[in-house]
Amino acid sequence: MGRSDLQGDSRRSRTTHRFPRSVYGDGAEPDPRFSLANERTFLAWIRTSLALLAAGVALEALELPMESAARAVASVLFVLLSLLAAVQAWVGWMRTERSMRLGRALPGPTLGIVVTAGVCLGIIVVAAGFLLR
Amino acid sequence: MSGDAPFDPGLQPERTLLAWRRTALALGVAAVAAAAFAYLAAALRYRRTHAALTAAARLPGDGAALAAVAATAAMFALGGLCYVGAHVLR
């Protein structure tokens, strides 16, 4: 790394503050294409969160012809998964960006597995609710 | 319903219905405005990103917009939880 690079970095860190500091306070700038891919993954989780919210609210709002206990369980489950997906969007983006800045291995899909399992469970509950009626 | 006399000569229930209707319309307008804002902000973010990448091969933004979007989605989810919870417990 040349002298001008070092000067550029120190000037940037003095004059600009990028939020959140837990991500940008450390490490080196990754390939911008990787950061953009991370941003797209974040947006995909946000869309997932909104879709799960729509599913959970629709189950109750439309009063679909299914067993009412199963409908209640499924709709609460989908809305909780929506909240979890929004958390995963932000936490996953932060952890991934930080790992890339530090040159570490990317984090595993921790909450993603919980959301996936929850969606599978929700589908089973909805199917059971239709069959039990 | 047709031919019924109103319950209250002051039309309180009907005026309340109209108040709910304009609140619903205001919510719709707010949602459209929020969508338009996000759409324009995305275009500006892209323009800024493109300029910075072609000039210095470096991304200009940070996580502030992402944090705002994630917080909004989480608030929607909490609102949905209130709605579904009230519906289920009714």
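A:Glu97 counts as buried because its relative accessibility is 3%, where buried means under 20% relative accessible area, exposed over 50%, and partly exposed in between, with a 1.4 Å probe and protein chains only. This glutamate is found in helix α4 of chain A. Helices here are DSSP runs of H or I with at least four residues, strands are runs of E with at least two, and both are numbered from the N terminus. Setting aside neighbours within four places in sequence, A:Glu97 is in contact with A:Val23, A:Pro30, A:Ser35 and A:Asn38; contact means heavy atoms within 4.5 Å. Along the chain, A:Glu97 and A:Phe78 are 19 residues apart, and their C-alpha atoms are separated by 28 Å.

Before going on, the ground rules. This is a predicted model, in which local features need pLDDT of at least 70 and side-chain atom pairs count only at pLDDT 80 or more, while totals for chains, interfaces and linings use all residues. Residues are numbered from 1 along each chain as its sequence is written, chains are lettered from A and ligands numbered from 1 in the order in which they are written, and side-chain values use heavy atoms, with hydrogens and water left out.

Back to helix α4 of chain A, which also holds A:Thr96. Is A:Thr96 buried or exposed? Its relative accessibility is 17%, so A:Thr96 counts as buried. Apart from neighbours within four places in sequence, A:Thr96 is in contact with A:Asn38, A:Leu106 and A:Pro107. A:Asn38 was also in the contact list of A:Glu97.

Now chain A as a whole. Its secondary structure comes to five helices and zero strands, so the pattern along the sequence, by the DSSP runs, reads α-α-α-α-α. Chain A has 133 residues, and 38% of them count as buried. Take the contacts in chain A between residues at least 6 apart in sequence: 76% of these join residues at least 24 apart.

Helix α5 of chain A covers residues 110-132, 23 residues in total. From first C-alpha to last, α5(A) reaches 33 Å, close to the 33 Å expected at 1.5 Å a residue; the expected span is 1.5 Å times one less than the number of residues. Which residues of α5(A) are buried? They are A:Gly112, A:Val115, A:Gly118, A:Gly122, A:Val125, A:Val126 and A:Gly129. These buried residues pack against α3 and α4 of chain A.

In chain B, helix α1 has 45 residues, which should span 66 Å at 1.5 Å a residue; the end C-alpha atoms are 64 Å apart, which agrees. B:Arg45, B:Thr49 and B:Ala52 are buried in α1(B). The buried residues of this helix pack against α3 of chain A together with α2 of chain B.

That brings us to the largest pocket, with a volume of about 1200 Å³. On a 1 Å grid over the protein atoms alone, a pocket is an open set of points with protein on both sides within 12 Å along at least five of seven lines, where a cavity is a set in which a 1.4 Å probe fits but cannot get out; lining residues have an atom within 4 Å of a point. Grid points are joined across faces, edges and corners, and the volume is the space filled by probe spheres set on the points.

The largest pocket is lined by 37 residues, with A:Leu43, B:Ala38, B:Ala41, B:Ala65 and B:Val69 nearest its centre. Which helices each supply at least two lining residues? They are α3 (32-61) and α4 (68-102) of chain A, and α1 (12-56) and α2 (64-89) of chain B. Of these, α1(B) gives the most, with 13 residues. By class, the lining has 25 nonpolar, four polar and eight charged residues. Nonpolar covers Ala, Val, Leu, Ile, Met, Phe, Trp, Tyr, Cys and Pro, charged covers Asp, Glu, Lys and Arg, and the others, Gly among them, are polar.

Last, some backbone details. Most residues other than glycine have a negative phi, and most peptide bonds are trans. The peptide bond from A:Phe19 to A:Pro20 is cis, with omega near -10°, and A:Pro20 sits in the loop between α1 (3-15) and α2 (21-24) of chain A. A:Glu63 is not a glycine, yet has a positive phi of about 50°; this residue lies in the loop between α3 and α4 of chain A.
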